[in-house]
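Please open the model in your viewer and keep the selection panel at hand.

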Amino acid sequence: MEDCIFCKIINKQIPSKIVFEDDEMLAFEDINPQAPVHILIIPKEHYASLNEIPEEKKAILGNIVMRARKIAAEKGLKENGYRIVLNTLRDAGQDVFHIHFHLLGGRKMMWPPG
Ligand code: AMP
Ligand code: ZN
């Protein structure tokens, strides 16, 4: 996707602090962190939101969540916990329309979210 900022990050046209990369996903630090640890994890294939993920591609969702768990452990969050967030469209506050999971941790968080 030409105009997608996260596709540009995947293609290294825009710099990012990469935490993990393989053939199907990229994890990188959020540019405006909302917690001591704030990492975005995205599939390399462009899908605007969860709504666009086809049934046959559902494995990527589990793979990303399991990778988020691994990164959380590497960042020392396993004991105290962490939050994985998947904002979908406007009511949830999705701003970038390339599906991304947020991994947040390192501080106590509130519930319910605002
Ligand atoms: P959302 O509101 O769920 O769509 O989240 C979009 C996230 O992308 C926000 O937390 C932004 O801080 C983050 N973001 C936007 N541009 C960049 C960028 N160039 N590098 C890293 N994170 C970004
Ligand atoms: Zn994209």
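A polar contact is a pair of N or O atoms within 3.5 Å; within protein, one must be able to donate a hydrogen and the other to accept it, and residues adjacent in sequence count only if both atoms are side-chain atoms. This is a predicted model, in which local features need pLDDT of at least 70 and side-chain atom pairs count only at pLDDT 80 or more, while totals for chains, interfaces and linings use all residues. Residues are numbered from 1 along each chain as its sequence is written, chains are lettered from A and ligands numbered from 1 in the order in which they are written, and side-chain values use heavy atoms, with hydrogens and water left out.

Select ligand 1 and I31 to begin. A polar backbone atom of I31 is 3.1 Å from a nitrogen atom of ligand 1.

A polar side-chain atom of N87 lies 3.0 Å from an oxygen atom of ligand 1, and for H102 a polar side-chain atom is 2.8 Å from an oxygen atom of the ligand.

Now display the residues near ligand 1 (those with a heavy atom within 4 Å of it). This shell holds 17 residues, the closest being D30, G93, D95, H100 and H102.

Finally, colour the helices (H or I, at least four residues) and strands (E, at least two), which are DSSP runs numbered from the N terminus. α1 (5-10), β2 (25-29) and β3 (37-43) each supply at least two residues of the shell around ligand 1. α1 gives the most, with three residues.
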